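Open the model in your viewer and keep the selection tool ready. The tour goes one selection at a time.

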Amino acid sequence: MGKQYDIELQFARVSKPGNPSIGVKGFEFPSKSTVPAQNPGGSGSTTYEPATAGNYQQLGAVPYTFEIGQYEVTAKQYVSFLNAVDPDGSNDQLPWTGITLYNNTFSPIENPYQGQIIQLKHAKNGEHYALADESWADKPMMWANMFQYLYCVNALSNGTVVAEQSKRAKSPEGFNVQLSTKYVRFSDNILSGTYNLNDYNYPYAQRQNTSGFVLPSENEWVKAAYYAGSKTNNGTPYYYYPTGSNQAPEPLTSSYWASSNGEASGRVNVNSKGDVISGKLSQKTLKTQGYANYDSHVFWAPDYTSIDASSDSKANVTDVGGAATPSPWLTYDQGGNLVEYTDTVTAAIQEPDSENKENVPVYFKVHGGIANATEYQLWITATGTSNPYGQNLGSLYQYGGARVGYLPSGKDKTSRKTATPSSYADPLTGQRVVSRVDSGITFDTFYTTNTADAIDTLKDDEGYLFISAPFRGLKASDRQAVDVYTLWHTPTQTHYYTTSASERDQLLNSGTYTGGDVGFRALAPGAGSTDFVRMFNSSTGAYGFTSSARDVEFFRNQGYELNGVAWSI
């Protein structure tokens, strides 16, 4: 077996070092009269009012050759990162930043339309995190904040590039671009590396390395997205849009949006899984203006939830690269899908709606637009800022994304061209995952492998909350697997579970229980390493089920007593 890798990343090499910058005014429509912008503080410039001078920037100049990810970091790649650096699933709060690498907004139970990742409480090492559904695998990672991406970069920078493949491809501008695929083994050292995230006195996100993996800087990001290398038809070497065009791209469109807006079905080019249907992309449009996922034209729902009128304001991401519209340097989705973090510092926003709850001293520049934003966020002049913890302003908290950069050096001597995927490289999906939602009113403990049922239960008026995804149910073909039957006790409005078919039948015959279908499969009581005990309240007739000693204590305080083992895992 060859060397193993945990993640593969595709990069485009951005050459032509020493390129000129371009002057822009933040969020001003790009045109020949505004790009390049004139500095109001410069000699002889009278174009702009002094009050708006702070919006002026010079962007895009990079004096060195660098590499940038062709695609945004995907949900699948983030799951690989989680399993590699947190194999026991402890998800500890990290020092100084105070964040965890996973939070419940990643979960499809709490976040049905955008939750991409499930955390399993009981699982084998390296399998505590799984994709919520296969449809999320090649979608960009959502809901992560900048610090979480910086930890990922550190895991890469302290890791090992075990193999690399390179090739040349033609830019739409006619010059050659070197592309590479790097196969990387993560390190579990995430607190330092490219970025020192272990010291509160440290200046945020200042690069410690002059080579290796990075989060792109603003200038690197802008050059990769907009710089054409020679004059475009706007008279500058920069395009107005990151799709190799001075004309706005066509929004990608799903059937839900088209039918809701009376559009012809022929315009639909995104399927019900959120993947772009390449055969539905117009070749004429690709040559003239291209496509991007923006302007709320895309909405789809995973199989465990449904689209309804109350949710049509939410856009959703498409598969990375699906728009088939590259920048001059063969990067994709630098316009649309997600806004992307850079490691370039800017002043913190102090307005109340900026969500600077952590009172951080600096923000960071972000670029790229989001799926539910209009055209203006794709402009070269769209120079946004973000709290590194994420923020609600502009929906960035939901749609914060990133792509990885790489600074080459003479020490890059990886000669191996092939490697073998590790167990982390292709993460498991949420099949047979048992989720638990509890009622704070009836103390019901509901265990189910049906994500849709868990989501619907959270909408119940009995005060249900998502607790966790405790474990992955066994396959029916597993020798030791036993059926766990789920019943509903009408008088107490609580669930009951048993591995005994005869007990199930007896309870159903009592007239106070309904249901009785197989809810999931586990091990017989006492047969596994973890027991799920049964708690009983003799005053009400209600039961509760848990593997947690803390829960047992809670139930006892509510008048319950231990009543045996229900099943094991």
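**Start at strand S20**

Select S20. Thr445 and Tyr447 point one way from the strand, Phe446 and Thr448 point the other way, and all are buried. In a regular strand, side chains alternate between the two faces of the sheet.

This is a predicted model. Colour the protein chain by pLDDT: the mean is 92, and 94% of the residues reach 70 or more.

Now show S19 with S20. The two strands pair in the antiparallel sense, over 4 bridges. Pick Ser435: it stands opposite Thr448 in S20. Next, follow the link. S19 and S20 form a hairpin, with 5 residues between them. Stop at Phe443 in the turn, where phi is positive, about 65°.

**Move on to H7**

Select residues 451–458, helix H7. Which residues of H7 are buried? Thr451, Ala454, Ile455 and Thr457 are. Look down the axis of H7: the buried residues fall within an arc of 160°, so they line one face of the helix.

What do the buried residues of H7 pack against? Show strand S19 (433–439), strand S20 (445–448) and strand S21 (464–472): the buried residues pack against these strands.

Then zoom in on the N-terminal end of H7, which Asn450 caps. A side-chain oxygen of Asn450 lies 3.0 Å from the backbone nitrogen of Ala452.

**Last stop: residues 43–53**

Select residues 43–53. Here pLDDT stays under 50. For this stretch the model has 13 contacts beyond four places in sequence.

Methods: Residues are numbered from 1 along each chain as its sequence is written. This is a predicted model: local features need pLDDT of at least 70, side-chain atom pairs count only at pLDDT 80 or more; totals for chains, interfaces and linings use all residues. Side-chain values use heavy atoms; hydrogens and water are left out. Buried means under 20% relative accessible area, exposed over 50%, partly exposed in between (1.4 Å probe, protein chains only). The arc is that of the directions from the helix axis to the C-beta atoms. Contact means heavy atoms within 4.5 Å. A polar contact is a pair of N or O atoms within 3.5 Å; within protein, one must be able to donate a hydrogen and the other to accept it, and residues adjacent in sequence count only if both atoms are side-chain atoms. Two strands pair if DSSP finds at least two bridges between them. pLDDT is the predictor's confidence in each residue, from 0 to 100.
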